[in-house]
Amino acid sequence: MNRRWLLAGIGTAFVSVWSATASAQEAKGFGDKGQLIISADRLMPLFSYTSTSIENKDGDTTTKVTQNGSSIALLWGDESNVSFKVHTVPRVGVDYTIIDRLTLGGSVAVAFGLGGSTKTTVSGRGTSVERSGDSPSTTVVGVAPRVGYILPVGDVLALWLRGGFSFYSVSEKTPVNNNNNNNDSDKNSATLFSIDLDPQLTIVPMEHFFFTVGPLINIPLTGNVDRTSVRGATTTTVSNDLTQWHFGISAGLGGWFNL
């Protein structure tokens, strides 16, 4: 009889401790059913490594160019020697907890480089020559649907495990000044598809507000880039295969509303 009472007491104590622990691991309610979560993702690419491969096949000849670059930054990372940098572009995320802990949503990335102008002045021996031209312009649009699971690990901490797919469209146009008053240009139009793995440590200092920091991996599936050259009335387009692998550590912030 004493043994039964002892086992019952241990079981009751275990349940009490487990309940108290579970209660303390709610991360201030983050992840409850019916929450609309708005986040600003990849605001700070603390570390970034990107590898881009561009491959062209012409009959029996295959030409492959591989570019690798990395950066460490607090607010902005830029792998200067890598083309089509899309994975460090800040984005807006919208997710909804369809049941407790389970989220469904995605993010959208939009970036525009409006271009500018470049002027070169060469002076000497009493003469001065100026050459001017327009700077390149770039447009990036990305959509990344995802599913996630929020796992509270403390009163102010949670693991938000996210994964999905992403699609990016990139356009880079460079005007070419041949001093012949023609609208000559070089243009690259690229598309990229990848698998996104984005587990984030979520810090919830107060209800309805959080910070995120964690790794992200973008695994390439397929891609393509068309290089178009316009010279007067002649337009030439060359199509190449494109893949881009990316690993980084980034930080962001967000909040949620109970619907």
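## A buried arginine and its surroundings

Arginine 101 is buried, with a relative accessible area of 13%. Here, buried stands for under 20% relative accessible area, exposed for over 50%, and partly exposed for anything in between, using a 1.4 Å probe on protein chains only. This is a predicted model, so to speak of local features we need pLDDT of at least 70, and side-chain atom pairs count only at pLDDT 80 or more, while totals for chains, interfaces and linings use all residues. Residues are numbered from 1 along each chain as its sequence is written, and side-chain values use heavy atoms, with hydrogens and water left out.

**The overall picture**

The chain has one helix and twelve strands, taken as DSSP runs numbered from the N terminus (helices are H or I with at least four residues, strands E with at least two). Of the 259 residues, 33% are buried. A contact is a pair of heavy atoms within 4.5 Å. Among the contacts between residues at least 6 apart in sequence, 66% join residues at least 24 apart.

The predictor's confidence in each residue is its pLDDT, on a scale from 0 to 100. The chain has a mean pLDDT of 81, with 75% of its residues at 70 or more. Helix α1 (residues 2-24) has the lowest confidence, with a mean of 47, whereas β3 has the highest, at 97. Over residues 13-24, pLDDT stays under 50, and the model has two contacts beyond four places in sequence for that stretch. Where pLDDT is low, the predicted coordinates should not be read in detail.

**Salt bridges**

Side chains of opposite charge can pair when their charged atoms come close. A salt bridge here is a side-chain nitrogen of Lys or Arg within 4 Å of a carboxyl oxygen of Asp or Glu, and a search of the whole structure turns up seven.

Back to arginine 101: what does it pair with? Its salt-bridge partner is glutamate 26, with the closest N and O atoms 2.8 Å apart. The two sit 75 residues apart and link distant parts of the chain, arginine 101 being in the loop between β3 and β4 (102-113) and glutamate 26 in the loop between α1 and β1. Glutamate 26 counts as partly exposed, at 30% relative accessibility.

Another pair is arginine 162 and aspartate 41, whose closest N and O atoms are 3.8 Å apart. This bridge runs from strand β8 (arginine 162) to strand β1 (aspartate 41), and the partners are 121 residues apart. Arginine 162 is buried at 6% relative accessibility, and aspartate 41 is buried with a relative accessible area of 4%.

Arginine 146 also bridges to aspartate 95, with the closest N and O atoms at 2.6 Å. Arginine 146 lies in strand β7 and aspartate 95 in strand β3, so this pair ties together parts 51 residues apart in sequence. Both arginine 146 and aspartate 95 are buried. Shared partners join Asp41, Asp95, Arg146, Arg162 and Asp198 into one network of salt bridges.

**Cavities**

A cavity is a set of points on a 1 Å grid over the protein atoms alone where a 1.4 Å probe fits but cannot get out, and its lining residues have an atom within 4 Å of a point. Grid points are joined across faces, edges and corners, and the volume is the space filled by probe spheres set on them. The count comes to two cavities of 30 Å³ or more.

| Cavity | Volume | Lining residues |
|---|---|---|
| Largest cavity | about 90 Å³ | two nonpolar, three polar, seven charged |
| Second largest cavity | about 40 Å³ | four nonpolar, six polar, one charged |

For these classes, Ala, Val, Leu, Ile, Met, Phe, Trp, Tyr, Cys and Pro are nonpolar, Asp, Glu, Lys and Arg are charged, and the others, Gly among them, are polar.

The lining of the largest cavity includes Asp41, Arg146, Arg162 and Asp198, along with Arg42 and Arg91. The elements giving two or more residues to that lining are β1 (35-58), β7 (137-152) and β8 (157-175). Around the second largest cavity, the lining includes Arg42, Phe47, His87, Thr88 and His246. There, β1 and β12 (234-258) are the elements that give two or more residues.

**Valine 86**

Valine 86 is found in the loop between β2 (61-72) and β3 (91-99). Is it buried or exposed? Valine 86 is buried, at 0% relative accessibility. Leaving aside residues up to four places away in sequence, valine 86 touches Arg91, Val140, Tyr168, Val170 and Gln244.

Key:
1 Å grid on protein atoms, 1.4 Å probe; cavity = no way out; pocket = protein on both sides within 12 Å on 5 of 7 lines; lining within 4 Å.
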